[in-house]
Amino acid sequence: MTTGTPHVPPGRLGDPALTLGTDPRSDPRMVAVFGALGALDHPAPNPLTADAGRETLLGFSVAAEEAFEGLFTVLAQDLKPVDGVSREVRAVTRDGHEIALHVHRPDGVDGPLPVIVQIHGGGMVMLSATGPLYVHWRDEMAKAGAVVVGVDYRNAGGAAGANPFPTGLDDCAAAIRWVHANLAELGGTRIVVTGDSGGANLSLAVAIKARREGWVGEIAGVYAQCPYILGTWDEPPAELHSLWENDKYWLDRALFPLLAEVYDPDGENVDDPTCWPSRAEPADLGGLPPHVISVNECDPLRDEGLAYHRLLVAAGVPSVGKINLGLCHVGELLFQNAMPEVYAEAVRDVTGFARGVSAS
């Protein structure tokens, strides 16, 4: 009989004292950047719970937005401007509200080109398409050979006001339908929808919505990065190990139900897959276009993304699942200067997917 070192579960499952900075899986370049910003320690416990009351939670969403926007601005401040890309702002009106569409296109590139509709993150509750990290991300994808359209949908919270589900989703749907109707003018061949975190939720949800409503043929593919899609994090399924394994690795799991309550008050839509895509059944997914579900090893949300990829495959949807090693939540978008090859690969992967899928 042989003996060996006992298996130790990864992350905080094996050692509750681990942080993003001390976990041996964490990419040291990421650790160096976050360490300089003081973002490696476990965040202080948040006294709020999802039953704190709507006004309190909306106030919390404003403060959270300010904090995240501040961090993202710092991370973007030394990024080199992207040459050879032109920008313009177009708009689509829905229910009397004008939704800004930020269009980026490469200069001097013969088209037509794939169109990437990019939906920003923020838990469907905060942040903006005009944030410097997202503007730069769209510039980089445009320079790689795509027309990129960033959607400034209405958030469910934050400084711009409260617009719970389904407002943001319906704004994204209206934007995609406008892009499809104007493909020739935009110089586009097909539409691929992409988003990170809450934007990944909306990217996945809008495809389900399009299938329900009969216009899914207008979407050629979906690329979801680190999707935030479970909907109920108070008692999550035990098999989603990453919620414990990577808890407080930049993101605190206690944040998720607070944002969910702002987006979907009282959980009225918790079983609707256009609100929380993890609730999708095969009948909701069959016939959807190809997907890529990209998750990060050191992200609390990793396993709900992987579970969704498996749902897609079980429903017969062409889907690729991938894990980016050593990265925190949306880490592939945050550290271009420190991890240029990681950022460049993310650009190549999304734009390559957009070029590779077939137009309907």
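## A tour of loops and rings

Start at Asp95, which counts as exposed at 67% relative accessibility. This is a predicted model.

**Stop 1: Asp95.** Asp95 has a positive phi of about 50°, although Asp95 is not a glycine.

**Stop 2: Ser197.** Now select Ser197. Its phi is also positive, about 60°, and Ser197 is not a glycine either. Find this residue in the loop between strand 5 (188–196) and helix 7 (198–213). Is Ser197 buried or exposed? Ser197 has a relative accessible area of 11%, so it is buried. The cut-off for buried is under 20%.

**Stop 3: Pro112.** Select Gly111 and Pro112 together. What kind of peptide bond joins them? The bond between Gly111 and Pro112 is cis, with omega about -5°. Pro112 belongs to the loop between strand 2 (97–106) and strand 3 (113–119).

**Stop 4: Pro166.** Move on to Phe165 and Pro166. A cis peptide bond joins this pair too, and omega is about 10°. Pro166 lies in the loop between strand 4 (147–151) and helix 5 (167–181). Keep Phe165 in mind for the last stop.

**Stop 5: Phe34 and Phe335.** Next come the aromatic rings. How many aromatic pairs are there? The count comes to 14. Select Phe34 and Phe335, one of these pairs. Their rings are edge-to-face, 5.2 Å centre to centre, with 85° between the planes. The pair links distant parts of the chain, 301 residues apart. Phe34 is in helix 2 (residues 28–36). Phe335 is in the loop between helix 12 (331–334) and helix 13 (340–356). Phe34 is buried, at 0% relative accessibility. Phe335 is buried as well, with a relative accessible area of 3%.

**Stop 6: Tyr228 and Phe256.** Now pick Tyr228 and Phe256. They form an edge-to-face pair, 5.8 Å centre to centre, with 65° between the planes. The two residues are 28 apart and link distant parts of the chain. Tyr228 is in the loop between strand 6 (221–225) and helix 8 (242–245). Phe256 is in helix 9 (residues 255–263). Tyr228 is buried, with a relative accessible area of 1%. Phe256 is buried, with 2%.

Terms used
Residues are numbered from 1 along each chain as its sequence is written. This is a predicted model: local features need pLDDT of at least 70, side-chain atom pairs count only at pLDDT 80 or more; totals for chains, interfaces and linings use all residues. Side-chain values use heavy atoms; hydrogens and water are left out. Helices (H or I, at least four residues) and strands (E, at least two) are DSSP runs, numbered from the N terminus. Buried means under 20% relative accessible area, exposed over 50%, partly exposed in between (1.4 Å probe, protein chains only). Rings of Phe, Tyr and Trp (its six-membered ring) pair if their centres lie within 6.5 Å; planes under 30 degrees apart count as stacked, over 60 as edge-to-face and the rest as tilted.
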